[in-house]
Structure formats: structure tokens, C-alpha cells
Amino acid sequence: MEITSVGVGTAPIGSDRSWYIYWGETDEKTAIETIKTALDAGINWIDTAPFYGWGRAERIVGKALKGRREDALIFTKCGTIRSQDGESYMDLRPQTIRKEVEESLARLQTDHIDLYQVHDVDAKTPMEDSWREIHRLIDEGKVRYAGLSNHPIELVERAMKIGPVTALQEQYNPLHRETEDLFRFISKHKIGLLGWGSLAEGFLADGFDLGKLDPEDFRRTRSEFGKTNNYDKIKRIRKRLLAMSKARHIRLASLVVAWELSHPELTGAIIGVKTPKEANEMIEAATTKLSRADIIDFEVAIAEWTTR
């Protein structure tokens, strides 16, 4: 698959109050228009999951792509199951994967998924059992390619002995750089890398203000970034990066994503969007290129966080 350097992330638009990772309300009509706007702007892939709003995000994607399925590659996931208390647990047994793929295909209103990703680690199910089932789905034509999300190298290597791993999806942004430890492995094995959390849950987005979020927004209490000391650091980092972005006549979000994409190991950055305006702004992030001097300045600006 050939993908644009940025893709549509659907966790924010899939969110509602029934999901414990609440991003604030986005009505379905706006969410559908947001996805269509991104596609019209030239973005060619959408990352979603049954987990996002417990199916709401996939249903929205399906409605947005009605009549234009060929315009987008659909990446979704499996394994995260809703528990009775509204929380979640991992179940990657073959029978669960098969049930989930059928449910996702129905919600997405499609006959195939372009990239099917194991969402998180299931310590109770052998990787080999899960990965064989994913590849059976490929053989049946329900899935085109297989990927792993949030998995350590050891499990990736075990999966590779069963069948190809097309892509890994890992958290990657200036405040979370642990994925850089995977760069050499990814390059050696020619595996694609998709970065989630590209704007650090919005903390590195333009106009972000923790105090103005919905009182129930998960970022107020659940995120490590929301801790007072950390948020003070982020505000100082934001100030420095905003000065950089203004000097270069680009948005803060575009500067951050451009820095991420300056690492050749990163195939694509997932950007969570909630409005058509934000969808249109993705193109600037996809096309902004940083010079070596820009990258050095950026590293200096975030050094306070990386040395914490």
C-alpha cells in the first residue's frame, strides 16, 4: 500500500459519554463531514478501531465512505473488548478475532479491511494463535494486510515467524519518544511504522487549553500530561514551539508533525481530527519540511521534557 504521510485518526470523533476515554462531543454529521473533507483534501487512509466509542467510530467511517470506498484505505483493529463495568480487556483468541472482524466489516459497510491490526497485547493468548487467524482472514480476502499495535519486538518477531507483519502502530510524539528504540528493527525488516498520539492527545495542538476542556474530558485526570508539574513544562515547551511555528508561518501542529515525519522510519502520522477545518489543516502538516537547522532548534525547544 502507498499511503499519504498523514492519516485520519478517529478516536476523538468516535468518542461519546459511553466511552471512558471521553474527548468531548462531536455530532455524527460533523464527524462524517470531517472524514469526507480529509479525503477531498487528498488524505488516503483512515485509522479506526471497534474500541473507539465502542463501535461508534467504525460506524461513522462506514457512513462517510458510503459511495466512495475506493477513496480510502481502512485500517482498523481487534482484541479490545468491553467489560461489564464499561472498561476493557484484551481477548485475541482466534474465535474472538473472527467474531470481531465480521462486526467491523458490517459497521464499516465494506467487504474487506486494508490493514487489520492487533490492538494491544493479550498475555493469555499465544501470539502464534492470534497471528495464524489474522492470516487466515487474509487468505479468505476479508483482510489485505496485517499489523501490530503497541507490541514489543519479542512478540513482533514471534508473529513474523508465522506470517508477514506489514506495519507497527506505536505512540510517537515529542513527549513520547520510546518508539525510537524500534527504529533500527523497523528499518532492518522493512516494516511500516504508523505513529499514534501525534499531537500528544492535543497538548501540542494549536489553541490547546486544559482548563477549557469539558469537565469530563479524560485529559483532565487520566493523562500524565495533565499533572501540574508536567503541564507547566508543556506550557513552556508550547511557548517555544509556537514561536518557532510563527517564525516559519505554519501552525504548531504542522511543526510537530513535520518533526515526527523528519524521521525516515515513520511511514505515517495519525492525526485525530474533529472538525472539517482541522481535516483541511492536515495537508499543511503533510507537506511541511524541516531543515536540519529547524530540527536542531526543535530539539532544543523540547529538551526540558526529554531530560525529565
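The model is predicted. Begin with helix α4, where the buried residues are Thr 96, Ile 97, Glu 100, Val 101, Ser 104, Leu 105, Arg 107 and Leu 108. These residues lie on the same side of α4, because the arc they cover around the axis is only 165°. On the other side of α4, the exposed residues are Lys 99 and Ala 106.

What lies over the buried residues of α4? The cover includes helices α3 and α5 (127–139), together with strands β3 (73–78), β4 (80–82), β6 (113–118) and β7 (143–149).

The helix itself runs over residues 94–108. It has 15 residues, and the distance from its first C-alpha to its last is 21 Å, close to the 21 Å expected at 1.5 Å a residue. Just after α4 comes Gln 109, which takes a positive phi of about 55°.

One of the elements covering α4 can be followed in detail. Helix α3 spans residues 56–64, and its axis comes within 7 Å of the axis of α4, with a crossing angle of roughly 45°. The angle makes α3 oblique to α4, since angles of 65 to 115 degrees would count as roughly perpendicular and those under 35 degrees as roughly parallel. On the α3 side, the contact is made by Glu 58, Arg 59, Val 61 and Gly 62; on the α4 side, by Ser 104, Arg 107 and Leu 108. Sorted by class, this contact has 3 charged, 2 polar and 2 nonpolar residues. Ser 104, Arg 107 and Leu 108 are also among the buried residues of α4.

Now turn to the loops. Asn 44 sits in the loop between α2 (28–40) and β2 (45–47). Which residues does Asn 44 contact, leaving aside its neighbours within four places in sequence? They are Glu 2, Ile 3 and Thr 4, along with Asp 71, Ala 72 and Leu 73. Computed along the chain, Asn 44 and Ile 113 are 69 residues apart in sequence, and their C-alpha atoms are 14 Å apart in space.

Arg 251 belongs to another loop, the one between α8 (228–247) and α9 (252–261). Its relative accessibility is 22%, so Arg 251 counts as partly exposed; buried would require a value under 20%. Not counting residues up to four places away in sequence, Arg 251 touches Asp 206, Ser 245, Glu 281 and Glu 284. Between Arg 251 and Thr 80 there are 34 Å in space, C-alpha to C-alpha, and the two are 171 residues apart in sequence.

Conventions:
Residues numbered from 1 in each chain as written. Predicted model: local features only at pLDDT ≥ 70, side-chain atom pairs only at ≥ 80, totals over all residues. Heavy atoms only, no water. Axes fitted to C-alpha atoms, helices over the stretch in contact; angles between N-to-C directions. Helix = DSSP H or I, 4+ residues; strand = E, 2+ residues; numbered from the N terminus. Parallel < 35°, antiparallel > 145°, perpendicular 65-115°, else oblique. Contact = heavy atoms within 4.5 Å. Nonpolar A, V, L, I, M, F, W, Y, C, P; charged D, E, K, R; others polar. Expected span 1.5 Å × (residues − 1). Buried < 20%, exposed > 50% of the residue type's maximum accessible area, 1.4 Å probe, protein only. Arc of directions from axis to C-beta.
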